[in-house]
Amino acid sequence: MMIITGIVYEALPFLLQGAVTTISLVVSALFFGFIIGLPLAIGQVYGCLWVKKIINIYVWFFRGLPVLVLLFLFYYGLFSITGLNISAFLSAVLVLGLRSAAYQSQIFRGSIQSISEGQLMAASALGMNKLKAVWNIILPQALRLSIPGWSNEYPAMLTESSITYAIGVTEVLTRGSFIASRTYQPMPIYLTCAVIFLFLSYLGLKMLHILEIKFKIPGFE
Amino acid sequence: MEQNKELILEIKDIHKSYNGKAVLKGISFNVFKGETKVIIGPSGMGKSTLLRCINQLTVPDKGSVWLKGQEITHRDAKNINKLRQKIGFVFQDFNLFDHLTAVGNVEIALIKVKGMKKQEARNKAIFELKKVGLEKQASLYPAELSGGQKQRVSIARAFAMEPEIMLFDEPTSALDPELIGEVLSVMKELANEGVTMIVVSHEMGFAQTVADEILFLDGGKLLEAGPPEKIFCEPKYKRTKKFLSTLNELYGNVEGNKR
Amino acid sequence: MVNPDFIINILAPSLLEGLQMTIKLIMYSAPTGLGIGIIIASGRVYGNWLLSRFCRLYIVFFRGTPLLIQLFILYYGFPTIGISFSPFTAATLGFILCSSAYHAEYIRGAIQSIKSGQILAAQSLGMSKMSAIVNIVLPQALRRAAPGCSNEIIYLIKYTSLAFMVTCIELTGAGKIVASRYFEYTAVFLAVGAIYLVMVSAATHIFHNLERKFAIPGIE
Ligand SMILES: Nc1ncnc2c1ncn2[C@@H]1O[C@H](COP(=O)(O)OP(=O)(O)OP(=O)(O)O)[C@@H](O)[C@H]1O
Ligand SMILES: [Mg+2]
């Protein structure tokens with residue numbers, strides 16, 4: 001028992017460094033997914049037919065493939081063909097981000113579509129053009145409505161980020177398995193990793209909850 | 001009398017059908033400065049469609065609409081937005097922007113469409129809210145307002161754009177009876193100030209006191225038009241009489257409400 | 001660019017073999033995961049204090065930690081305390097535990113959305129509480145939870161690729177082995193991806209039809 005506590009204690013700083021990598025990976029990928037996902041959603045609702053079709057195919061592709069296959073396909077395949085030397089971390093951000101964009105676009109699309117047509121009509125009646133109306137009237141409401149759904153993206157992305165172990169991103173699990181194989185104590189080490197993820201999940205959801213309260217508006221529950 | 005007045009709106013031979021079903025079959029009338037026209041007619045006969053055709057929220061199949069000699073119909077998107085600013089529209093179900101406070105609703109188009117400075121727009125918005133008796137509610141969100149208050153904000157929002165004409169589409173029919181009065185009195189005040197307006201409404205008391213002309217829309221056409229006394233006391237057509245008597249049953253005696 | 005010989009004689013047979021393992025993994029874990037999910041959800045809502053607490057912890061742990069860690073604990077961790085699983089068993093067990101927690105959360109939400117009057121009415125007819133849950137509440141709750149649960153099974157189809165990480169060679173694993181031996185990553189993983197797309201699209205279609213078939217007006 002003493003030995004195990006000792007091992008965990010010694011491994012902790014090393015694992016927590018991995019937690020920093022995990023957080024940067026998750027935050028970057030979510031941000032990247034947001035930047036891509038929101039325009040995708042707008043295109044899916046307001047775009048012309050072929051724009052909608054292309055976006056549908058994008059969403060279908062990225063939601064239909066396992067993360068692991070996407071990582072292998074892009075990291076070992078597509079990215080290495082380009083000749084650019086894209087690091088495992090950057091590859092992971094790109095792949096998880098592109099994938100998340102597909103999921104996020106569906107959240108935003110749902111919120112945009114749930115806003116009544118009257119809102120757009122009232123904006124037009126005041127002389128706003130479509131772009132202004134979408135930007136000033138529809139998106140502010142849609143984004144607020146999206147917060148609860150979007151909050152689920154965080155824990156999903158967090159747990160999925162560990163799969164980047166397969167391409168050697170030095171996140172929590174990669175570091176954990178390194179120590180586990182050296183100390184021959186996989187059980188306590190992996191359990192510690194699990195606790196770190198639980199903690200990160202709890203922490204993130206708390207912060208998202210604060211965000212939700214901060215942007216609360218009567219009538220948007 | 002009308003001859004000396006400035007012509008604000010000309011509606012010429014408006015046609016509109018949905019999926020092959022003709023809703024409007026050639027509507028024409030003129031509106032002069034300071035006039036209040038009240039449109040009545042059975043449900044589903046195209047009153048809302050007609051109002052929406054005026055500011056091109058619905059594009060008519062045929063016919064034209066002219067605002068102060070400028071054609072509104074057959075415009076590209078950019079021009080129509082310019083012209084819509086000059087036509088205030090009040091919706092039956094308010095359509096307030098739910099993410100903005102009362103004052104935010106009034107000022108947003110001033111800022112984003114008219115390009116006003118924030119402070120200037122704020123002052124103007126507060127001024128308009130005061131006019132409809134809601135300056136105290138300026139910082140409340142739509143979800144925190146009563147129906148009557150919502151509709152008054154939406155009137156202030158449309159009126160703040162300083163339109164040439166205001167269109168009201170059954171502004172009180174989504175309201176509880178006890179809230180109708182506050183909205184009608186705001187509208188009466190506008191009418192008395194000389195604001196030009198077209199009102200779709202079945203509030204006969206309102207029609208009798210403020211309407212210069214009542215238009216009866218039925219079967220896709222303007223069946224009958226005239227001053228309230230004439231329409232209520234000696235309608236030309238049986239259909240008009242019959243419709244008015246249904247309204248009587250619903251809203252109380254029209255004759256009895258007379259001045 | 002890619003040699004057709006390579007596709008026919010090398011890639012196709014290995015992927016087919018891997019696919020069989022993937023399907024076996026799905027067949028073993030999807031129904032069991034759903035079944036256990038129903039039990040956990042019921043325990044969470046109707047159990048006594050202790051059972052409810054346990055079920056809640058179960059849900060939080062298996063949803064809050066990465067599936068890959070769960071698999072590592074099962075496959076690498078348990079042998080150190082004297083319990084060893086084959087790669088297939090470890091993977092299946094991990095999938096069942098994890099997916100049951102997700103199912104449980106959907107079903108719990110659905111159960112709690114059903115008005116308490118339903119149980120009261122059943123009890124007033126003389127049903128026991130257990131019988132009311134099984135015959136009245138669950139049939140309604142499962143219909144409401146169906147979209148979430150279908151989604152979860154579709155996730156599971158994709159997640160079976162992680163079995164490869166504990167040396168259970170399924171579709172993705174088979175692809176990886178061929179890809180690294182012949183250095184054909186792009187082509188191989190496009191092929192692997194296409195197979196997943198077919199499975200996922202087929203499953204989506206099937207679940208959609210099932211949901212429609214069992215739909216009852218007023219319950220969605
Ligand atoms: N966007 C649309 N698409 C198809 N049909 C429509 C559309 N808008 C209106 N209609 C049809 O046109 C007819 C007239 O509708 P409109 O809303 O103008 O009537 P209304 O006189 O305002 O009725 P109400 O008193 O109920 O408001 C109705 O039969 C309606 O079903
Ligand atoms: Mg109408």
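Mentor: One term before we start: contact means heavy atoms within 4.5 Å. Helices (H or I, at least four residues) and strands (E, at least two) are DSSP runs, numbered from the N terminus. This is a predicted model, where local features need pLDDT of at least 70, side-chain atom pairs count only at pLDDT 80 or more, and totals for chains, interfaces and linings use all residues. Residues are numbered from 1 along each chain as its sequence is written, chains are lettered from A and ligands numbered from 1 in the order in which they are written, and side-chain values use heavy atoms, with hydrogens and water left out.

Trainee: Which residues of α1(C) and α7(C) meet?
Mentor: From α1(C) come Phe6(C), Ile10(C), Leu11(C), Ser14(C), Leu15(C), Gly18(C), Leu19(C) and Thr22(C). From α7(C) come Leu171(C), Ala174(C), Gly175(C), Val178(C) and Tyr182(C).

Trainee: At what angle do the axes of α1(C) and α7(C) cross?
Mentor: Roughly 155°, and the axes come within 7 Å. Axes are lines fitted to C-alpha atoms, for helices over the stretch in contact, and angles run from 0 to 180 degrees between N-to-C directions. That angle makes α1(C) roughly antiparallel to α7(C). Angles under 35 degrees count as roughly parallel, over 145 as roughly antiparallel, 65 to 115 as roughly perpendicular and the rest as oblique.

Trainee: And how do α3(C) and α4(C) pack?
Mentor: Helix α3 (residues 67-77) of chain C and helix α4 (residues 87-112) of chain C pack at about 135°, with axes 9 Å apart. That makes α3(C) oblique to α4(C). Their contact has ten nonpolar, two polar and no charged residues.

Trainee: How many helices and strands does chain C have?
Mentor: Eight helices and zero strands. The C-alpha atoms of chain C fill a box of roughly 70 × 45 × 20 Å along the principal axes.

Trainee: Switching topic. Which pair of chains has the most contacts?
Mentor: Chains A and C, among the two pairs that touch. That contact takes 34 residues from chain C and 34 residues from chain A. The area buried between them is about 3,000 Å², with carbon and sulfur atoms giving 81%. Buried area is the accessible area (1.4 Å probe) that two parts lose on being put together, summed over both.

Trainee: What about chain B and chain A?
Mentor: About 1,900 Å² is buried there, 68% of it from carbon and sulfur atoms. In chain B, Phe97(B), His99(B) and Lys112(B) lose the most area to chain A, together 31% of what that side buries.

Trainee: How far apart are chain B and chain C?
Mentor: Their nearest C-alpha atoms are 25 Å apart, and the two chains do not touch.

Trainee: How many salt bridges are there over all chains?
Mentor: The whole structure has 15. A salt bridge is a side-chain nitrogen of Lys or Arg within 4 Å of a carboxyl oxygen of Asp or Glu. There are zero between chain C and chain A, and zero between chain B and chain A.

Trainee: Where do Asp13(B) and Lys62(B) sit?
Mentor: Asp13(B) is in strand β1 (residues 7-18) of chain B, and Lys62(B) is in strand β4 (residues 62-67) of chain B, 49 residues apart. Their side chains meet in a salt bridge, 3.6 Å from N to O.

Key. Ala, Val, Leu, Ile, Met, Phe, Trp, Tyr, Cys and Pro count as nonpolar, Asp, Glu, Lys and Arg as charged, and the others, Gly among them, as polar.
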